[in-house]
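Subject: Handover of a structure model

Hello,

Please find the structure below, followed by notes on what was found in it.

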Amino acid sequence: MYSILKSAHSGWAYLLLLILAIATINAIIGYFGKKEFGNKDFSLALVGLIVTHIQLLIGLALYFTPENLGRWEGFEMSNSPIRLLLIEHPLMMIIAVALLTIGYSKHKKKIVSNGKFKMLAIFYTLAFLVVLSRLPWSQWL
Ligand code: HEM
């Protein structure tokens, strides 16, 4: 079970980074380019949100496998690679999902195109940076 979840979580992360990058750049271009907010923009924001929520669910399942929880045994805070996997990565990814969800729901409440793009540009950029900051890059790639 652990290895299936780990492979799924690892593979899904490529898709997530790609979609989130596209959705974020699209929102920034839409905002600064003063574009009209259309169906394509809405779909990109929604797909970014869904893909990230799916990753959250896989991550939670992975977190509670005995193989991962076993890392708590003898764990010390000074052990930074394990601290990343047990604490920093999960916590920061949950914060990123919250930022995306807030941005998505705020953009829906805005009426004008520029306001919609603004909310998405701010919150999706923040979320994307949070994700990039706490991925276990060295063990992943
Ligand atoms: C939502 C955005 C997330 C992204 C983009 C992401 C991405 C990744 C990546 C790329 C890895 C390395 C996989 C590998 O070494 O093959 C990883 C590992 C891990 N992630 Fe996430 N993750 C996310 C959310 C979460 C959440 C919310 C949790 C738990 C609550 C979580 C728990 C874990 C754990 C426990 C590992 C270590 C797996 C292992 O080596 O045993 N992740 N994650």
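Residues are called buried under 20% relative accessible area, exposed over 50%, and partly exposed in between, with a 1.4 Å probe and protein chains only. By that rule Leu57 is exposed, at a relative accessible area of 57%. This residue lies in helix H2, and its C-alpha atom is separated by 9.4 Å from that of His9, 48 residues apart along the chain.

The model is predicted: local features need pLDDT of at least 70, side-chain atom pairs count only at pLDDT 80 or more, and totals for chains, interfaces and linings use all residues. Numbering starts from 1 along each chain as its sequence is written, and side-chain values use heavy atoms, with hydrogens and water left out.

Overall layout

The chain has six helices and zero strands, in the order α-α-α-α-α-α from the N terminus. Helices (H or I, at least four residues) and strands (E, at least two) are DSSP runs, numbered from the N terminus. The C-alpha trace spans about 55 × 30 × 25 Å along its principal axes. Of the 141 residues, 40% count as buried.

Iron site

Which protein atoms are donors to the iron atom of the ligand? They are NE2 of His9 and NE2 of His89, lying 2.0 Å from the iron. Donors here are N, O and S atoms within 2.8 Å of the metal (3.2 Å for Na, K and Ca); water is not among the atoms, so sites may look incomplete. The arrangement is octahedral because the six donor atoms around the iron subtend angles of 84 to 180°. For the cut-offs: six donors count as octahedral, and four as square planar, if opposite donors are over 155 degrees apart and all others between 65 and 115; four count as tetrahedral if all angles lie between 85 and 135 degrees, and anything else is irregular. The two histidines link distant parts of the chain, with His9 in helix H1 (residues 2-32) and His89 in helix H4 (residues 80-109), 80 residues apart. Both His9 and His89 are buried.

Pocket and cavity

Both searches use a 1 Å grid over the protein atoms alone: a cavity is a set of points where a 1.4 Å probe fits but cannot get out, a pocket is an open set with protein on both sides within 12 Å along at least five of seven lines, and lining residues have an atom within 4 Å of a point. Grid points are joined across faces, edges and corners, and a volume is the space filled by probe spheres set on the points.

The largest pocket holds about 670 Å³ of space. It is lined by 28 residues, and the closest to its centre are His9, Gln55, Gly59, Leu62 and His89. Two or more lining residues come from each of H1, helix H2 (39-63), H4 and helix H6 (137-140). The lining divides into 18 nonpolar, eight polar and two charged residues.

One cavity of 30 Å³ or more turns up in the whole structure. The volume of the largest cavity is about 50 Å³, and the residues that line it include Ala23, Asp41, Phe117, Leu120 and Tyr124. H1, H2 and H5 each give two or more residues to that lining, which divides into eight nonpolar, one polar and one charged.

Nonpolar core

A nonpolar core is a set of buried Ala, Val, Leu, Ile, Met, Phe, Trp, Tyr and Cys residues joined through side-chain atoms within 4.5 Å. The largest one has 28 residues, and those with the most contacts inside it are Leu17, Leu20, Leu100, Leu120, Tyr124, Val131 and Leu135. H1, H2, H4 and helix H5 (113-133) supply at least two residues each; H5 gives the largest share, ten residues.

Single residues

Ala96 is found in helix H4 and is buried, at 1% relative accessibility. Its C-alpha is 4.4 Å from that of Ala127, 31 residues apart in sequence. Ala121, in helix H5, is buried as well, with a relative accessible area of 10%.

Lys34 is found in the loop between H1 and H2, and its phi is near 50°, a positive value in a residue other than glycine. Most residues other than glycine have a negative phi. Lys34 is exposed, with a relative accessible area of 66%.

Regards

Terms used:
Nonpolar A, V, L, I, M, F, W, Y, C, P; charged D, E, K, R; others polar.
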